[in-house]
Amino acid sequence: LANDGLLPPMFGELDATGNPRKGAMFAGVLMVCFATFIPFSYLDDFVSAGILIAFTVTNCSLIIMRRESPESDPKLLPKLLVWFNIFSFVTCLTLSHGTQSPVGWAFAFLAGCISIFIATKISRKCPPASTFGHATGKASQIYGSKKYFSTPLVPYVPCLGMFANYFLISQLSFFGIGLLFMYTLFAVLIYFVYGAHNSVGRIEGWEDEQYAICEENDNRSPLTGSDAVIT
């Protein structure tokens, strides 16, 4: 992250032995503070939920890279993804904590139907990208290669993955969900305050690194399971 400009350079500095000592010390102190002041009963769920959030972001990114907004509404895809995430989370939260009454079931059913409607609208209104990442302006030259696995039924499979992640997250207590919300908000704040203005992609562009990666992959032997790239 530091090498990409998303965190201050000190986190990417290596000492004489090749270890990121400053970054490791900062992370260590931070983890000790978490372990000291947050009960473990919340901490273990909090860590698992953080991983689920990362998987959700991956699914969102996949849709953005594989689909694009129509020319008549360039911001349609991002807006639909935001609303899908909101209604999916509300549906799962209601299913987990609010089905003690018929009203709760009705609300969960309504929110779920809206989530399905939004996923269907993404499929119908947002055409497939001509190349992987075309809508982001960072189209990959290796999209479509037989060496790479292509996720089927986009956007339905990624949307289903996001819904499943939210359903697992909604099993947490409201206190745990609140901690997760504050953690996510803090990470987003760091990105917009520092990372978005200092990223390598924004200042220098990704073109040179992208072509280097493509050339490296083209010169390598057939990919193994550990080398697989999901598109």
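**Overall fold and local backbone features**

Read along the sequence, the protein follows the pattern α-α-α-α-α-α-α-α, with eight helices and zero strands, where helices (H or I, at least four residues) and strands (E, at least two) are DSSP runs numbered from the N terminus. The model is predicted, so that local features need pLDDT of at least 70 and side-chain atom pairs count only at pLDDT 80 or more, whereas totals for chains, interfaces and linings use all residues. Residues are numbered from 1 along each chain as its sequence is written, and side-chain values use heavy atoms, with hydrogens and water left out.

Of the 231 residues in the protein, 30% are buried, a term that denotes under 20% relative accessible area, with exposed meaning over 50% and partly exposed in between (1.4 Å probe, protein chains only). Among contacts (heavy atoms within 4.5 Å) with a separation of 6 or more, 73% are between residues 24 or more positions apart. The protein exposes about 14,800 Å², of which carbon and sulfur atoms supply 69%, as calculated by the Shrake-Rupley method with a 1.4 Å probe.

Most residues other than glycine have a negative phi, and most peptide bonds are trans. In the loop between α4 and α5, Leu153, although not a glycine, has a positive phi of about 55°, and this residue is exposed, with a relative accessible area of 62%. The peptide bond from Val154 to Pro155 is cis, with omega near 15°, and Pro155 lies in the loop between α4 (102–125) and α5 (156–169).

In helix α3 (residues 76–97), Asn85 is buried, with a relative accessible area of 13%. Beyond its neighbours within four places in sequence, Asn85 is in contact with Thr56, Cys60, Met162 and Tyr166.
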